[in-house]
Amino acid sequence: ATSFPWHRPYIFILFSKTCLNEFAFRTGFLVGPIRQLKSMFDPTRMITTIVFLAAMALTLTAALWWQNVGLVILFVIIQWLALIWYSLSYIPYARTLVTNCAKGLV
């Protein structure tokens, strides 16, 4: 056995918790919790919110029950990508810009 801590998926629960705090409370302290929840489930942000919450649940499942580090890392990456996409929704035309840049790369 190795003493390298990353072989334990439990360490990624910390990252998931941090990501949830960023996602749910980033603007919540400015606008209040009720308005933040309404904003999270606004039609322009609903898919991102659902992807984030699903990735959060799958991260915890992969860490606690499946104990599969590879899946945990994948789901944490999906959480961060959802957080970035959610944050871009607050900047006018940011999602369009990112989408057009990605199309330009392909």
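Analyst: We begin with secondary structure: helices and strands are DSSP runs, a helix having at least four residues and a strand at least two, numbered from the N terminus. In this model, which is predicted, the elements run α-α-α-α-α-α from the N terminus on.

User: What share of the residues counts as buried?

Analyst: Buried means under 20% relative accessible area, and exposed means over 50%. Of the 106 residues of the protein, 31% count as buried. The protein exposes about 7,100 Å², of which carbon and sulfur atoms supply 74%. As for contacts with a separation of 6 or more, 62% are accounted for by residues 24 or more positions apart.

User: What span should helix 4 have, and how far apart are its end C-alpha atoms?

Analyst: At 1.5 Å a residue, the 21 residues of helix 4 should span 30 Å; the end C-alpha atoms are 28 Å apart, which agrees. Just after helix 4, Gln-67 takes a positive phi of about 50°.

User: Which residues make up the largest nonpolar core?

Analyst: A nonpolar core joins buried residues of nonpolar kinds through side-chain atoms within 4.5 Å. The largest one here has five residues: Ala-62, Ala-63, Val-72, Phe-75 and Val-76. Helix 4 (46-66) and helix 5 are the elements that give two or more residues to this core. Helix 5 gives the most, with three residues. One of the core residues, Phe-75, is in contact with Ala-55, Leu-58, Thr-59, Ala-62 and Trp-66, leaving aside neighbours within four places in sequence.

User: Where is Leu-71 placed, and which residues does Leu-71 touch beyond four places in sequence?

Analyst: Leu-71 is in helix 5, which covers residues 69-88. Residues up to four places away in sequence not being counted, Leu-71 touches Ala-62 and Trp-66. With a relative accessible area of 29%, Leu-71 is partly exposed, because this value falls between the limits of 20% and 50%. The C-alpha atoms of Leu-71 and Leu-58 are separated by 8.5 Å, the two residues being 13 apart along the chain.

User: How is a salt bridge read, and how many are there by this rule?

Analyst: Side chains of opposite charge can pair when their charged atoms come close. The rule used here asks for a nitrogen-to-oxygen distance within 4 Å, and the count comes to one salt bridge. Asp-42 forms a salt bridge with Arg-45, the closest N and O atoms being 3.9 Å apart.

User: Are Asp-42 and Arg-45 buried or partly exposed?

Analyst: Asp-42 is partly exposed, with a relative accessible area of 29%, whereas Arg-45 is buried, at 10%. Arg-45 is also among the residues that Ser-39 touches, together with Tyr-86 and Tyr-90, not counting residues up to four places away in sequence. Ser-39 is placed in helix 3 (residues 33-40) and is buried, with a relative accessible area of 15%.

Definitions and conventions: Residues numbered from 1 in each chain as written. Predicted model: local features only at pLDDT ≥ 70, side-chain atom pairs only at ≥ 80, totals over all residues. Heavy atoms only, no water. Buried < 20%, exposed > 50% of the residue type's maximum accessible area, 1.4 Å probe, protein only. Contact = heavy atoms within 4.5 Å. Areas by Shrake-Rupley, 256 points an atom, 1.4 Å probe, with all protein chains shown as cover. Salt bridge = Lys/Arg side-chain N within 4 Å of Asp/Glu carboxyl O. Expected span 1.5 Å × (residues − 1).
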